[in-house]
Amino acid sequence: MSCSPFDLRDYYFKDLAENERRLTEVHVKTCAHCREELERLRGAEAALLALPDEEIPQRIGFVSDPVFQPSAFRRGWDALWGSSARLGFASAAMLSAALVVFSLTRPVPQFIAPAPALTRAGMQAEMQTDFSKRLNDAVAKAVAESETRQARQTRELLAASETRHALETQAMMVRVQEYLDVEKKRMNTLILASNDAASVNKDTR
Amino acid sequence: MILRAVEDADLIRKARRGDVEAYNLLISRWERRVYNYLLRIVANREDALDLSQDVFLKAYQNLRKLDDPARFAPWLYRIAHNEAYSLFRKRRPEGETEELQPEAMEGAATVGGNAVFPVELTLAVSGALGRLTADQRETVILKIYQGFKFEEIAEIVAAPVSTVKSRLYTALDLLKTELAPVKARGAS
């Protein structure tokens with residue numbers, strides 16, 4: 001058991017306040033037992049340090065891959081966040097936006113499962129799944145847009161065709177009516193001429 | 001003291017903006033220390049290397065969560081600690097509820113039967129470390145070999161400073177007894 005006023009091991013590892021360290025130092029100078037204890041601590045540490053560090057057998061490094069890089073939005077956001085001059089404004093704007101959104105929506109609290117730890121293989125699989133999902137979404141969206149565009153064009157063509165047909169029918173009806181009017185006038189003229197001829201023959205007789 | 005032209009904090013800021021080369025430079029500064037920390041905990045080179053790679057990958061993925069770049073070292077070792085103990089849990093036999101222990105370190109850290117440190121003193125040290133509990137051994141490694149402060153070790157292993165000190169001092173009491181004869185022979 002140490003007779004030091006403070007823990008000798010705290011003294012050895014420099015974990016005492018200044019006044020405590022001084023008091024312990026004074027004590028150690030006059031106490032052979034505590035000096036031996038300190039010597040044993042030094043010996044144990046020296047023995048431990050005989051175990052050398054090893055060189056790492058393979059250097060660790062990452063390649064510059066856009067997949068692992070933050071998006072342009074994220075980089076811009078980080079740059080903004082890192083700027084102390086704009087930090088206050090950004091914080092105030094975010095707080096205001098958050099208050100407005102929260103007051104309008106008031107979402108129901110939901111449990112969100114923590115994301116599982118990702119390995120490289122897991123990340124690749126996730127990226128593949130994400131890429132496939134995005135691709136499928138993009139294809140579906142493009143097909144839907146194309147179908148919508150085709151339907152709209154068909155509707156427009158049908159409407160134009162119907163309009164043209166109605167105009168042509170109307171024009172034809174006008175022409176028929178004009179023809180009938182002409183024919184009617186011609187018949188009336190013929191009837192009048194026939195009547196005139198009959199009366200002339202009667203007078204002659 | 002070695003003056004660094006670019007501080008770790010600058011590299012962290014660059015890495016956060018997607019500068020992979022800055023992160024690679026940061027790795028080159030820490031990989032040897034992290035590897036040796038893990039090697040002394042798991043006592044297996046392949047595991048230590050695999051874990052080191054996982055540690056730096058996770059650190060990169062979570063770099064934005066690091067509040068204070070000046071606290072990078074304890075933050076990085078906290079990840080390493082979690083990775084190592086996660087490995088212990090995976091390898092623990094089903095139903096075992098006792099304290100988690102790394103691989104046996106009898107004699108020396110070995111790879112395929114070959115001693116990692118084939119000198120008498122280092123063998124003795126390695127063996128003595130192997131007879132400590134996992135928590136005691138990790139505390140000794142973090143304090144003696146890695147030079148962390150007690151508060152930083154407490155942060156890394158997620159335990160109170162008093163617990164950290166207790167583990168270290170108990171371990172040193174055991175090591176003093178075990179290593180005294182070997183040290184005496186080495187000195188003579």
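Of the 188 residues in chain B, 53% count as buried, where buried means under 20% relative accessible area, exposed over 50% and partly exposed in between (1.4 Å probe, protein chains only). This is a predicted model, in which local features need pLDDT of at least 70 and side-chain atom pairs count only at pLDDT 80 or more, while totals for chains, interfaces and linings use all residues. Residues are numbered from 1 along each chain as its sequence is written, chains are lettered from A and ligands numbered from 1 in the order in which they are written, and side-chain values use heavy atoms, with hydrogens and water left out.

Let's stay with chain B for a moment. Its 8 helices and 2 strands follow the order α-α-α-α-β-β-α-α-α-α along the sequence; helices (H or I, at least four residues) and strands (E, at least two) are DSSP runs, numbered from the N terminus. Among the contacts in chain B with a separation of 6 or more, 61% come from residues 24 or more positions apart, contact meaning heavy atoms within 4.5 Å.

Glu83(B) is worth a look. This residue sits in helix α4 (residues 72-91) of chain B and is buried, with a relative accessible area of 11%. Leaving aside neighbours within four places in sequence, Glu83(B) is in contact with Leu51(B), Asp54(B), Val55(B) and Lys58(B).

Now to the meeting of the two chains, with some totals side by side.

| Feature between chain A and chain B | Value |
|---|---|
| Residues in contact | 40 of chain A, 45 of chain B |
| Buried area | about 4,000 Å², 64% of it on carbon and sulfur atoms |
| Salt bridges | 8 salt bridges |
| Polar contacts | 13 residue pairs, both at pLDDT 80 or more |

Buried area is the accessible area (1.4 Å probe) that two parts lose on being put together, summed over both. A polar contact is a pair of N or O atoms within 3.5 Å; within protein, one must be able to donate a hydrogen and the other to accept it, and residues adjacent in sequence count only if both atoms are side-chain atoms.

On the side of chain A that touches chain B, the elements giving two or more residues are α1 (8-12), α3 (32-48), α4 (72-81) and α6 (120-204) of chain A. Of these, α3(A) gives the most, with 9 residues.

Leu51(A), Glu54(A) and Phe62(A) supply 20% of the area that chain A buries against chain B, more than any other three residues. Glu54(A) also joins Arg45(B) in a side-chain salt bridge (2.9 Å, N to O), the term covering a side-chain nitrogen of Lys or Arg within 4 Å of a carboxyl oxygen of Asp or Glu.
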